[in-house]
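User: I am new to this structure and would like to learn how to read it. Could we go through it feature by feature?

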Amino acid sequence: MASTTKKVLVPIANGTEPIEAVITIDVLRRGGADVTVASIEKQIRVDATYDVKLVADSLLSECSDAVFDLITLPGGIPGATNFKNCQLLEKLVKKQVEDGKLYAAVCASPAVAFGSWGLLNGLKATCHPFFMDELKSSGAITVESRVHEEGNVVTSRGPGTTMEFAVALVEKLFGKEKADEVSGPLVMRSNHGDEYSIKELNPMQWTFDNVPQVLVPIANGTEEMEAIIIIDILRRAKVNVVVASVEDSLEILASRKVKLEADMLLDEAAKLSYDLIVLPGGLGGAQAFAKSEKLVNMLKKQRESNRPYGAMCASPALVLEPHGLLKIAHFFTIDTTGVKILDFKGKKATAFPAMCNKLSDPSEIENRVVVDGNLITSRGPGTTMEFALGIVEKLFGRDKALELAKPMLFTHP
């Protein structure tokens, strides 16, 4: 019997845009595709943009005889240029086209790689706005769609369109029903490209000295899309982000088997102080965070000193709620004796839809991003850009957040 498994190749390079790579891999694996992440470099670890370290499953040279149902390229510069100059990748993609199989690219790669290889001549395609002239000069008919499908080629525009792009690839491989099944739990926006909004209660100023220091812990089972989107966007905003592994090694295996490398172990990271500690979700990752006494104590100290902290997806329900971090202590004095009584007041939060029943106060759960004073929470992979932009907004103001959202194509350019 012929195998029904769909095989997908996702090449990565030094300078690949990590949001685009990781969302594509994660969503395709959710759809049931057998995805091979292959480094075009001499080693399996690549230095993606924004100092993100990704570890491939293999080298591209080990995939030269494999047959794929889809080859899809993330963008990023110089990643797309490195793809263009990789003769083996060019040969594999050209063979894919000759065999009438699916090929796809996002951001700079439709123009820089596919265009320069002559694969889009006479076809309608899109890419990042910065590369539209180059796409046009390669013979493509340019369109400004967020995702464009033309025969066997699918193209898209940037980090903010990649989730839609990846769901479209799931539909190409497995059909509409599977694509809908995958997109539901992603908690995607229905109004792609519109301005986003966050729900804020008890507004307070988030302050920092010089450059904000932010801790993003990761663990085995962390949702890779959530972690990478947070890290990438905060680094775009020139925040000093420390990615710390709560495991015994720097390399972790995320929820959809993407291998990420942290900057340091949590023991090392705990020696520093942070303007914000923010937890991505993912079931296994949230469980690992909840078991990390060191991380929980850091979060409690953060709360006690009234410094910002945040969590999303499974983490508000599995880390913050059970450790009392959705409550805030208020002192008030009894007149007659002068005894200080400690009173706990609940903070409003949201979480992954299926986890919201674990929150003691569900009154604000329908919001995609909730800020309550020094706490920020959010729902799932599809709300992570709003969550990260919400953090940027709290640190630097809304204008800065929108200035980042546009070139990412999260909001209309």
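Predicted model: local features only at pLDDT ≥ 70, side-chain atom pairs only at ≥ 80, totals over all residues.

User: Which residues does UniProt list for "domain: DJ-1/PfpI"?

Analyst: UniProt positions are given here in the numbering used for this model, feature names are shortened, and annotations may be inferred rather than shown by experiment. The unreviewed UniProt entry lists residues 6-171 and 213-393 under that name.

User: How many helices and strands does the chain have, and what is its radius of gyration?

Analyst: The chain has 14 helices and 23 strands. Its radius of gyration is 22 Å, close to the 22 Å from the globule rule for 413 residues, so the chain is as compact as a globular protein of that length. The radius is taken over C-alpha atoms, and the rule is 2.2 Å times the number of residues to the power 0.38. Along its principal axes, the C-alpha trace spans about 85 × 45 × 40 Å.

User: What share of the residues is buried, and what share of the contacts links residues 24 or more positions apart?

Analyst: Buried means under 20% relative accessible area, exposed means over 50%, and partly exposed is in between (1.4 Å probe, protein chains only). Of the 413 residues, 57% count as buried. A contact means heavy atoms within 4.5 Å. Among contacts in the chain with a separation of 6 or more, 69% come from residues 24 or more positions apart.

User: Where is Leu-409 placed, and which residues does it touch?

Analyst: Leu-409 is in the segment after α14 (398-405). Leu-409 counts as buried because its relative accessibility is 3%. Leaving out residues up to four places away in sequence, Leu-409 touches His-128, Pro-129, Arg-146, Arg-157, Gly-160 and Thr-161. The C-alpha atoms of Leu-409 and His-128 are 8.2 Å apart in space, although the two residues are 281 apart in sequence.

User: Now the backbone. Is the peptide bond from Ile-77 to Pro-78 cis or trans?

Analyst: Most residues other than glycine have a negative phi, and most peptide bonds are trans. The bond from Ile-77 to Pro-78 is cis, with omega near 15°. Pro-78 lies in the loop between β6 (70-73) and α2 (79-84).

User: Is the phi of Val-187 positive or negative, and what about Asn-202?

Analyst: Val-187 is not a glycine, yet its phi is positive, about 55°. Val-187 is in the loop between α7 (176-183) and β12 (199-201), and it is buried, at 12% relative accessible area. Asn-202, also not a glycine, has a positive phi of about 45°. Asn-202 sits in the loop between β12 and β13 (213-218) and is partly exposed, at 48%.

User: Which helices hold Lys-95 and Lys-294?

Analyst: Lys-95 lies in helix α3 (residues 87-98) and is partly exposed, with a relative accessible area of 47%. The C-alpha atoms of Lys-95 and Leu-325 are separated by 54 Å, and the residues are 230 apart along the chain. Lys-294 is in helix α11 (residues 293-304) and is partly exposed, at 39%. Lys-294 touches Leu-266, Asp-267 and Ala-270, not counting residues up to four places away in sequence. Lys-294 and Leu-266 are 28 residues apart in sequence and 8.0 Å apart in space, C-alpha to C-alpha.

Note on methods. Residues numbered from 1 in each chain as written. Heavy atoms only, no water. Helix = DSSP H or I, 4+ residues; strand = E, 2+ residues; numbered from the N terminus.
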